[in-house]
Amino acid sequence: MILDIPENRIDFIKSLKESYNLFLLSNTNCIHQLKYLNDFEKKYKYSFNSLFQKAYNSHEIGIRKPDKEIFNFVLSDSNLIPEETLFVDDAISNTKSAENCKLKSLCIIDNDIFEINKYLCNY
């Protein structure tokens, strides 16, 4: 259930961070979050959350994706404009819910991170 993120994905996130404000929205619990954050920091020698402007975790907010209220919470908390915000996820139910909150969305199939590049090149 707790999987490692391949280094090329970490590098990709770092490259996106150079041009975009990145936020994390994760359905997780505190046990998995602590395990993952500790494992990541041991492996890479820096904090996973440092890759993002802010990390939002469902167990801390008390709402889970695809509930539209979690999207509204993040938008409000970070002062984001929905129409200027791209939400990327691997579950169609989550991307559809984000679209219902007026966010742009991209559902990644088969963990193809390069779909993000193709999408961003169109904007």
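Predicted model: local features only at pLDDT ≥ 70, side-chain atom pairs only at ≥ 80, totals over all residues.
**Entry 1: Asp 77 and Lys 54**

I started at Asp 77, which is partly exposed at a relative accessible area of 36% (partly exposed lies between buried, under 20% relative accessible area, and exposed, over 50%, with a 1.4 Å probe and protein chains only). I then looked up Lys 54, also partly exposed, at 37%. Their side chains meet in a salt bridge, 2.7 Å from N to O (a side-chain nitrogen of Lys or Arg within 4 Å of a carboxyl oxygen of Asp or Glu). Asp 77 lies in helix 4 and Lys 54 in strand 2 (residues 54–57), so the pair ties together parts 23 residues apart in sequence.

Residues are numbered from 1 along each chain as its sequence is written, and side-chain values use heavy atoms, with hydrogens and water left out.

**Entry 2: the other salt bridges**

How many salt bridges does the count come to? I got 3 by this rule. Lys 65 forms one with Asp 89, the closest N and O atoms being 2.9 Å apart. Lys 65 sits in the loop between helix 3 and helix 4 and Asp 89 in strand 3 (residues 86–89), so this pair ties together parts 24 residues apart in sequence. Both Lys 65 and Asp 89 are buried.

Asp 39 pairs with Lys 35 at 2.6 Å between the closest N and O atoms. These two are 4 residues apart in helix 2 (residues 30–44), so about one helical turn separates them. I found Asp 39 partly exposed at 32% and Lys 35 partly exposed at 43%.

**Entry 3: Pro 66**

Next I visited Pro 66, in the loop between helix 3 (58–61) and helix 4 (68–77). Pro 66 is partly exposed, at 37%. Leaving out residues up to four places away in sequence, Pro 66 touches Phe 71, Ser 93, Asn 94 and Ser 97 (contact means heavy atoms within 4.5 Å).

**Entry 4: the whole chain**

I listed 6 helices and 4 strands (DSSP runs, numbered from the N terminus: helices are H or I with at least four residues, strands E with at least two). From the N terminus on, the order is α-β-α-β-α-α-β-α-β-α. Buried residues make up 37% of the 123 residues.
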